[in-house]
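Please view the entry below before reading the numbered points.

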Amino acid sequence: MRFMAIRNILRGNDPALLKTSRIITDFNKRLHMLLDDMRETLVEANGLGLASPQVGVLRRAVLIVDTEIADKPMEEQIIEMVNPEIIEECGEQTGNEGCLSVPGVYGIVTRPERVKVKAQDRYGNYFELLLSNTAARAACHEVDHLNGVIFTSLAERFLTEEELDRLAEDRTENEQDNEQKPDL
Ligand code: NI
């Protein structure tokens, strides 16, 4: 019996964050432990997405939180995706984006409004998923991590201290809303 463990999230310009992660071919206990630990790490960090290279594992596994699965605890909103690929995208959204590996920094990034993702589950079964809004943003951000791309290289500009303060005030009025400053 092994309990889940919180893993250390790599920060800043750790070289592992700039590498391309490899395809996963073994859907074994080791992968399941990685995904379980990533879940625990994501919940603890209160983020909306996490990619395996962020915990130092250069394999293609990501989690995203689909906040449109309403009225469920965060654990049940987490979607595991192994070897994810964005196979269709449409529309455009421009908004705030942050990253658990770049704490305190938020930028304005344009992403597709909706995406279709093809991925495998932890047992190797293929599935496709339509995602929109923040979940679509999260899927793009996490797939970028698998290719060594950090959102800071895509941001058209970064939020100022003043803008961050204003968001913090909004957040106290509207408690549950970490979508205004999603950490992905
Ligand atoms: Ni990130």
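1. Donors are N, O and S atoms within 2.8 Å of the metal (3.2 Å for Na, K and Ca), and sites may look incomplete because water is not among the atoms. Here the nickel ion is coordinated at 2.1 to 2.2 Å by Cys 99 (SG), His 141 (NE2), His 145 (NE2) and Leu 184 (O).

2. The model is predicted: local features need pLDDT of at least 70 and side-chain atom pairs pLDDT 80 or more, while totals for chains, interfaces and linings use all residues. Residues are numbered from 1 along each chain as its sequence is written, and side-chain values use heavy atoms, without hydrogens and water.

3. The donor residues follow the spacing C-x41-H-x3-H-x38-L. His 141 in helix H3 and Leu 184 in the segment after helix H4 (161-173) are 43 residues apart and link distant parts of the chain; helices (H or I, at least four residues) and strands (E, at least two) are DSSP runs, numbered from the N terminus. Both His 141 and Leu 184 are buried, that is, under 20% relative accessible area with a 1.4 Å probe, protein chains only.

4. An open sheet contains five strands in the order S1-S2-S3-S6-S7, with antiparallel pairing; two strands pair if DSSP finds at least two bridges between them. Its edge strands, S1 (49-51) and S7 (126-132), each pair on one side only.

5. S1 pairs with strand S2 (residues 61-65) in the antiparallel sense over three bridges. Within S2, Val 62 is the bridge partner of Ala 51.

How values were computed:
Buried < 20%, exposed > 50% of the residue type's maximum accessible area, 1.4 Å probe, protein only.
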